[in-house]
Amino acid sequence: MPTTQPFVLNKTNSIANQFLAELRDANIQQDKFRFRQNQERLGGILAYEISKTLDYIEQEVQTPLGIAPVNMLVDAPVIGTIMRAGLPFHQGFINFFDRSPSAFITAFRKVKKSGSFTIQLNHISSPDLTGKTLILCDTMLATGQSMVIVCKELMALYDIKQLHIACIIASTEGIAHVRANLPKAKICTCAVDDEMTSKAYIVPGLGDAGDLAFGEKA
C-alpha cells in the first residue's frame, strides 16, 4: 500500500522561507525571543496548510445585513507536542486552532557510554483521542524514533481517526522511519535535510532547538 508523500513547505516560495532562514542563522539564534517567535510563526503556517485537508460542513452566519454561508470545521483537531523543544511550535498551531484541546508528551534520549541512545517515554497528558484527528508537532524530526514511539503509544491507548505529524526540519532518514512504521500518518514539514551527525543531529539543521529556545540544559 503506497504511503502519502510529505508536504514540504519550502518547495514553494513564500515569506515562510525568511522565518526558516532566521531559525537556521547562528547569529540570529542568539535572540531567544525571535527564535521562539519564528517557530510560532511557522507553526501557524503549517496549521493553515493542514487545515485544508480536514473535514468541513456548510453553516450559516448571521451578519448585520443578512446570512452568509461559511464552510466550518466539523471537529477541531487535538494539537499535541513533545516537550520541551516543541512548545513554541505548538503555540503557533493553537493560535490558529484556537478551539482545539492539547496533548503533552515528555520523552528524552537516554545516551549510553557508547554514544548510542534509547528513547525514554516519561509522561502523557492528553484528552481522549478516540475518533479524533491528532496533529503531533515537534520542531525537529531527526531519527524519527521519538515520534514513532510516542505515536504508537497514543495509538495503543486510543482509536485515533487521523494522524498528522508536523515538524520544522526533518531528515530524510527520519521521514523514512516514520513512513515505515506509521504508514497512515501524514507528514508536514518546512524543510528536509539529507544528513545527520553521529549524535543524530540534523545537518545543516539548526542545532539544539530546545537549548536555543529555552537555554542550555545542566
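Visitor: Where in the structure is A200 placed?
Guide: You are looking at a predicted model, in which local features need pLDDT of at least 70, side-chain atom pairs count only at pLDDT 80 or more, and totals for chains, interfaces and linings use all residues. Residues are numbered from 1 along each chain as its sequence is written, and side-chain values use heavy atoms, with hydrogens and water left out. Helices (H or I, at least four residues) and strands (E, at least two) are DSSP runs, numbered from the N terminus. A200 sits in the loop between β11 (195-196) and β12.

Visitor: Is A200 buried or exposed?
Guide: Buried means under 20% relative accessible area, exposed means over 50%, and partly exposed lies in between, using a 1.4 Å probe and protein chains only. The relative accessibility of A200 is 7%, so this residue counts as buried.

Visitor: What is the phi of A200?
Guide: A200 is not a glycine. Even so, its phi is positive, at about 65°.

Visitor: Which strand do four bridges join to β4?
Guide: Two strands pair if DSSP finds at least two bridges between them. β4 (residues 78-83) has five of its six residues buried. I79 stands opposite I135, and T81 opposite C137. The partner of β4, running parallel to it, is β7.

Visitor: Why is β7 described as largely enclosed by the rest of the structure, and how many of its residues are buried?
Guide: Both of its faces are covered, with T133, I135 and C137 on one side and L134 and L136 on the other. β7 is largely enclosed because the buried residues number five of five.

Visitor: Which residue of β9 stands opposite C137?
Guide: β7 and β9 (residues 162-171) pair in the parallel sense over five bridges. Across from C137, the residue in β9 is A166.

Visitor: How many disulfides does a search of the whole structure find?
Guide: A disulfide is a pair of cysteine sulfur atoms within 2.5 Å. The sulfur of C137 is too far for a bond, because the closest cysteine sulfur, in C167, is 10 Å away. C188 is in no disulfide either, with the nearest cysteine sulfur, that of C190, at 7.3 Å. The number of disulfides found is zero.

Visitor: What is the relative accessible area of C188?
Guide: Like C137, which has a relative accessible area of 0%, C188 is buried. For C188 the value is 5%.

Visitor: About how much space lies in the second largest pocket?
Guide: Rolling a probe the size of a water molecule over the atoms shows where empty space is left. On a 1 Å grid over the protein atoms alone, a pocket is an open set of points with protein on both sides within 12 Å along at least five of seven lines, while a cavity is a set where a 1.4 Å probe fits but cannot get out; lining residues have an atom within 4 Å of a point. Grid points are joined across faces, edges and corners, and a volume is the space filled by probe spheres set on the points. For the second largest pocket, this space is about 330 Å³.

Visitor: Which residues lining the second largest pocket are the closest to its centre?
Guide: At least two lining residues come from each of α2 (32-51), β2 (56-62) and β3 (67-73). Of the 16 lining residues, the closest to the centre are M72, L73, F97, D98 and R99.

Visitor: Which residues does V74 touch, not counting those up to four places away in sequence?
Guide: V74 lies in the loop between β3 and β4 and counts as exposed, at 52% relative accessibility. Contact means heavy atoms within 4.5 Å. By that rule, V74 touches D55, Y56 and I57.
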